[in-house]
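This report describes the aromatic rings of the structure shown below and the charged groups placed over them.

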Amino acid sequence: MNAYDLMIIGPATRDLNIDYTGAEDRSTGGAVTFCTPAATAAGAKVFAAVKISLDDGDIIEGFRMSPEDVALLPSEKTTLMKNVYFTPDRERRDASCPAQSDPILPKEIPDVNCRLYHLAGLLYGDFPNELIEFLHGKGLVSADVQGFLRHNEEGKLCFHDWADKLKYLPYMDFLKTDAAEAEILTGLTDRAAAARQLYAWGAREIVISHNTEMLAYDGRDLFTCPVKARNLSGRTGRGDTTFGSYLAMRMTGAGMEEALLYATACVSLKMETPGVFTGTRADVENYIREFYQ
């Protein structure tokens, strides 16, 4: 019997966010930070493996999880991110990375029983290829492609195509991109066409996020669901919240269409408040009844 539905693996960050008015906010960020509470709220049994410096152990306390459900993977440094937003909707920003954590190695993965291992990365180098191969031998694998496209070049963040995509996309049972990342990977601006290309290259189930809608495709069915957030004050963590809740729904028995509806409603609700998702599954279901039916 599997103890956990999914393990979410990745670096947490110390973030400095500066909005379009110049107001500063310091917070904890990273895909693992936003994915984990969204997946847990959806009802999945989640294990979090968090790459940070030992000096930043307070980040682990912020996950509000039982000690047996979370592990600190030691790093010389914790990733530091700076985001300067130019518009109220936070769609335009300048991101930089003053520090990056060490790569996560196969030997660091906690020896717990999981069905799915999610690579919740931030930057190229977070996950070496041997980690993908190792996890593929243990169970299902999913990834946020951001961790393979976004490069830290002396503090400046630059996007480049994933050189090893044709080899490792077939390892991905679930793959998350946003619209811009999908275009980098495929050269296609049409999100549905990009999803079909990623499937043709081997990814089994693709989720593409966009500020207007979320899309899911598995080679047979293609579903979209509109984002209905009433404000965007909690824009940071949009894709991670979407995919964390989507994976949780899929791993606990929901079909693609149900999972996409739940995930889109969850992130719509989350974006109305800064920070990670702190609601419950019942909150999301109420949101669905109010705005999606």
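Rings of Phe, Tyr and Trp (its six-membered ring) pair if their centres lie within 6.5 Å; planes under 30 degrees apart count as stacked, over 60 as edge-to-face and the rest as tilted. The structure holds eight aromatic pairs by this criterion. The model is predicted: local features need pLDDT of at least 70, side-chain atom pairs count only at pLDDT 80 or more, and totals for chains, interfaces and linings use all residues. Residues are numbered from 1 along each chain as its sequence is written, and side-chain values use heavy atoms, with hydrogens and water left out.

Two of the pairs are compared here.

| Pair | Centre distance | Plane angle | Class |
|---|---|---|---|
| F148 and W162 | 4.3 Å | 15° | stacked |
| Y287 and F291 | 4.6 Å | 45° | tilted |

Helices (H or I, at least four residues) and strands (E, at least two) are DSSP runs, numbered from the N terminus. F148 lies in helix 4 (residues 146-149) and W162 in the loop between strand 11 (156-159) and helix 5 (165-168), so the pair links distant parts of the chain, 14 residues apart. F148 and W162 are both buried (under 20% relative accessible area; exposed is over 50%, partly exposed in between; 1.4 Å probe, protein chains only). Together with F127, they form one aromatic cluster.

Y287 and F291 both belong to helix 10 (residues 281-291), four residues apart, about one turn of the helix. Y287 is buried at 4% relative accessibility, whereas F291 is partly exposed at 22%.

A charge sits over a ring if NZ of Lys or CZ of Arg is within 6 Å of the ring centre and within 35 degrees of the ring normal. K228 lies over the face of Y292, 4.7 Å from the ring centre, and R281 over that of Y262, at 5.6 Å.
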